[in-house]
Amino acid sequence: MKKVYRKRALYFMMLPGMAFLFVFNYMPMYGAVISFKDFMVKKGILASPWADPWYKYFMQFFNSPYCGRLIRNTLIISLLKIVITTPAAIFFAVAMAEVPSKKYRQVVQTVTYLPHFLSWIIVYGVFFSMLSESRGLLNYLIRSLTGHSVNFMSSTKWFRTLLVVSDLWKENGWNAIVYLAAIIGIDSSLYEAARIDGCNRLQMIGHVTLPGIRSVVIIMLLLKVGSILDAGFDQVYAMYNTQVLSVGDIIDTWVYRTGLRQWNLSLASAVGLFKSLIGTTLLVALNALARRWGESLW
């Protein structure tokens, strides 16, 4: 208690953040009980009758013709983003760390960070102006060369590529911040020792830089895999249309349509709870695996 009292100022500073987490992250968890009830808005959560059987809405989702497609699309899109954007962010961070000019590095970092602060609606507008079949700049070039145009925005062949490329353009600079901070934190004496041993720049990156940020890479991958069923609702909802539902419809967009448009809140809540349980299970399992390598979140 003496130690707590001695650091009371720090604990008081934590209170607003703890209150925010409690109100906006933990209290809404009470609403998960809707998954097990035939929820009626007029009666509220407590007065609404319990579903019979209790897993009624979970089975309704699993037996629906959309279940397999939604899970498949969500996993494919999430995995594509992880596999492509993570190495790209690491490569960009390493490249920035190797730039000798501090002013040039700051300019490049600022330019690449800026898209992160744009909404997905604006990003969609940017890509629409580039890829529109009738007025897009890229299609103008394609028509001038081949006489034909490509319907990128409504093509099942190109839609997932569009999602990955737009996410890479928008978030790559921002994602690289963590890796760049980890690189800056590497002891400079390790580079001096590698230079004395005759290593060139590429060898120093392979033997000093990348091993030095391994723990950060593992932790970031754990967090991404833990949220693998979050394929990016804002992005997909802004960019998809009825012609690409077969390859672009994900769990979150379906939950939105089911819960808010069809007003089936019990089914939407059950699917959301299922997604959270899968993410938590994956995170715990992979964290236990990473602990064998000497790295873990807890």
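The legends below describe close-up views of a predicted model.

View 1. Tyr-11 lies in helix α2. Because its relative accessibility is 41%, Tyr-11 counts as partly exposed.

**View 2. The surroundings of Val-178.** Val-178 belongs to helix α9, which spans residues 159-184. With a relative accessible area of 35%, Val-178 is partly exposed. When residues up to four places away in sequence are not counted, Val-178 touches Val-216 and Met-220.

**View 3. The largest nonpolar core and another core.** The largest nonpolar core has 22 residues, and those with the most contacts inside it include Ile-90, Met-96, Tyr-179 and Ile-213. Helices α5 (67-98), α9, α10 (188-196), α11 (201-212) and α12 (214-226) each supply at least two residues of this core. The most is given by α5, with 6 residues. Leaving aside neighbours within four places in sequence, Ile-90 is in contact with Tyr-179, Leu-210, Ile-213 and Val-217. Apart from this core lies another, of 18 residues, among them Trp-120, Val-123, Phe-127 and Ala-238.

**View 4. Aromatic pairs.** The whole structure contains 16 aromatic pairs. In one of them, the ring centres of Phe-36 and Trp-54 are 6.0 Å apart and the planes meet at 40°, so the pair is tilted. Phe-36 lies in the loop between α2 and α3 (44-47), and Trp-54 in the loop between α3 and α4 (56-62), so the pair ties together parts that are 18 residues apart in sequence. Phe-36 is partly exposed, at 23% relative accessibility, whereas Trp-54 is exposed, with a relative accessible area of 54%. Tyr-124 and Phe-128 form a tilted pair, with 5.9 Å from centre to centre and 35° between the planes. Both residues lie in helix α7 (residues 120-131), 4 residues apart, about one turn of the helix. Ring pairs also link Phe-36, Trp-54, Tyr-55 and Phe-58 into a cluster.

View 5. The structure holds 8 salt bridges. In one of them, the side chains of Asp-38 and Lys-56 meet at 3.2 Å, N to O. Asp-38 lies in the loop between α2 and α3 and Lys-56 in helix α4, so this pair ties together parts that are 18 residues apart in sequence. Lys-56 is partly exposed, with a relative accessible area of 32%.

View 6. Arg-69 forms a salt bridge with Asp-249, in which the closest N and O atoms are 3.2 Å apart. Arg-69 is in helix α5 and Asp-249 in the loop between α14 (245-248) and α15 (251-261), 180 residues apart. Arg-69 is partly exposed, at 22% relative accessible area, whereas Asp-249 is buried, at 0% relative accessibility. Another salt bridge joins Arg-201 and Glu-98, with the closest N and O atoms 2.6 Å apart. Arg-201 is in helix α11 and Glu-98 in helix α5, 103 residues apart. Salt bridges that share partners join Arg-69, Asp-249 and Arg-257 into one network.

Technical notes. Residues numbered from 1 in each chain as written. Predicted model: local features only at pLDDT ≥ 70, side-chain atom pairs only at ≥ 80, totals over all residues. Heavy atoms only, no water. Buried < 20%, exposed > 50% of the residue type's maximum accessible area, 1.4 Å probe, protein only. Contact = heavy atoms within 4.5 Å. Core = buried A, V, L, I, M, F, W, Y, C linked by side-chain atoms within 4.5 Å. Phe/Tyr/Trp six-rings, centres within 6.5 Å; stacked < 30°, edge-to-face > 60°. Salt bridge = Lys/Arg side-chain N within 4 Å of Asp/Glu carboxyl O.
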